[in-house]
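This report describes a protein fold and then turns to selected side chains and their surroundings.

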Amino acid sequence: MQDPMVRSYIRSDNPRMHWTDDLDIRFIQVIEKLGGEESATPKRILSLMGVRDLTISHVKSHLQMYRNKKKEESSKEIKMMREMTQRQSQQYLQIYERATQFIQNQQRLQLDNTEKITPVLGSSNKSLDQSSKVGLNENRGNDVVVVGGATGEEELSLELTLGRKY
C-alpha cells in the first residue's frame with residue numbers, strides 16, 4: 001500500500017538533454033542578466049537563451065540544480081568563514097596567554113631580585129651601624145647598601161649616582 005502523500009515518479013517522454021559547456025555558459029550569462037538565480041524564472045531564461053529544442057522542463061531542471069549548487073557553495077563559504085574566525089580566536093587566545101605568562105615571569109623576576117637582596121640586609125646577626133644607609137637604586141631596581149659613614153664627597157657621589165640624598 002502506498003502513502004497517499006508521496007507522489008510517484010513519472011518519467012518524462014522528452015529525451016534527456018546533455019548540457020554542454022557552451023550551453024551552460026549561456027545559461028549562466030542569462031541568469032546574471034536577469035539578476036541572479038533567485039529572480040530568474042524558467043520562462044524568461046528560455047526566451048532569452050533562444051536555443052532550439054530546449055524546453056521549459058529542461059530549463060526548470062537545470063535551474064533547480066544550479067540553485068542547489070549555489071546554496072551548497074554558500075554554505076561551504078559560511079563554514080569556512082566560521083572555521084577561520086575560530087582559528088583567529090584561538091590565535092588571539094594563545095597570544096593573550098603568552099603575554100600573561102611573560103608579565104607573570106617579569107613579576108617573578110622582580111620579586112626574586114627583591115628577595116635576594118633582603119637576606120643580605122637581614123640575615124646577618126650583626127646589626128649595621130647607625131651610620132649605614134640603605135637606598136633603592138631607581139635605575140636598576142636593586143637595593144644598595146652603604147656601610148660606614150658616608151661624608152662629604154661620598155654623599156655627593158651617592159646623591160648623583162642614585163638620585164637621592166643619603
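Buried here means under 20% relative accessible area, exposed means over 50%, and partly exposed covers the values in between, computed with a 1.4 Å probe on protein chains only. The model is predicted, so that local features need a pLDDT of at least 70 and side-chain atom pairs count only at pLDDT 80 or more, while totals for chains, interfaces and linings use all residues. Residues are numbered from 1 along each chain as its sequence is written, and side-chain values use heavy atoms, with hydrogens and water left out.

**Overall fold.** The secondary structure comes to 4 helices and 2 strands, which follow one another from the N terminus as α-α-α-β-β-α; helices (H or I, at least four residues) and strands (E, at least two) are DSSP runs, numbered from the N terminus. Of the 166 residues, 16% count as buried. With contact taken as heavy atoms within 4.5 Å, residues 24 or more positions apart account for 40% of the contacts with a separation of 6 or more.

**Helix 1.** This helix has 13 residues and reaches 18 Å from its first C-alpha to its last, close to the 18 Å expected at 1.5 Å a residue, where the expected span is 1.5 Å times one less than the number of residues. Leu-23, Phe-27, Val-30 and Ile-31 are buried in helix 1. Seen down the axis, the buried residues of helix 1 fall within an arc of 100°, so they line one face of the helix; the arc is that of the directions from the helix axis to the C-beta atoms. The face turned away from this buried side carries the exposed residues Asp-21, Asp-22, Glu-32 and Lys-33. Just after helix 1, Gly-35 takes a positive phi of about 100°.

**His-62.** This residue lies in helix 3 and, at 10% relative accessibility, counts as buried. Its side chain is joined to that of Asp-24 by a polar contact of 2.7 Å, a polar contact being a pair of N or O atoms within 3.5 Å, of which, within protein, one must be able to donate a hydrogen and the other to accept it, and for which residues adjacent in sequence count only if both atoms are side-chain atoms. Leaving aside residues up to four places away in sequence, His-62 touches Trp-19, Asp-24 and Phe-27.

**Charged side chains.** A salt bridge is a side-chain nitrogen of Lys or Arg within 4 Å of a carboxyl oxygen of Asp or Glu, and a search of the whole structure finds 1. Glu-37, in the loop between helix 1 (21-33) and helix 2 (42-49), is buried yet has no salt bridge. For opposite charge, Lys and Arg count as positive and Asp and Glu as negative, with His and the chain ends not counted.

Glu-72 and Lys-76 both lie in helix 3 (residues 56-122), 4 residues apart, about one turn of the helix, and Glu-72 is partly exposed, with a relative accessible area of 48%.
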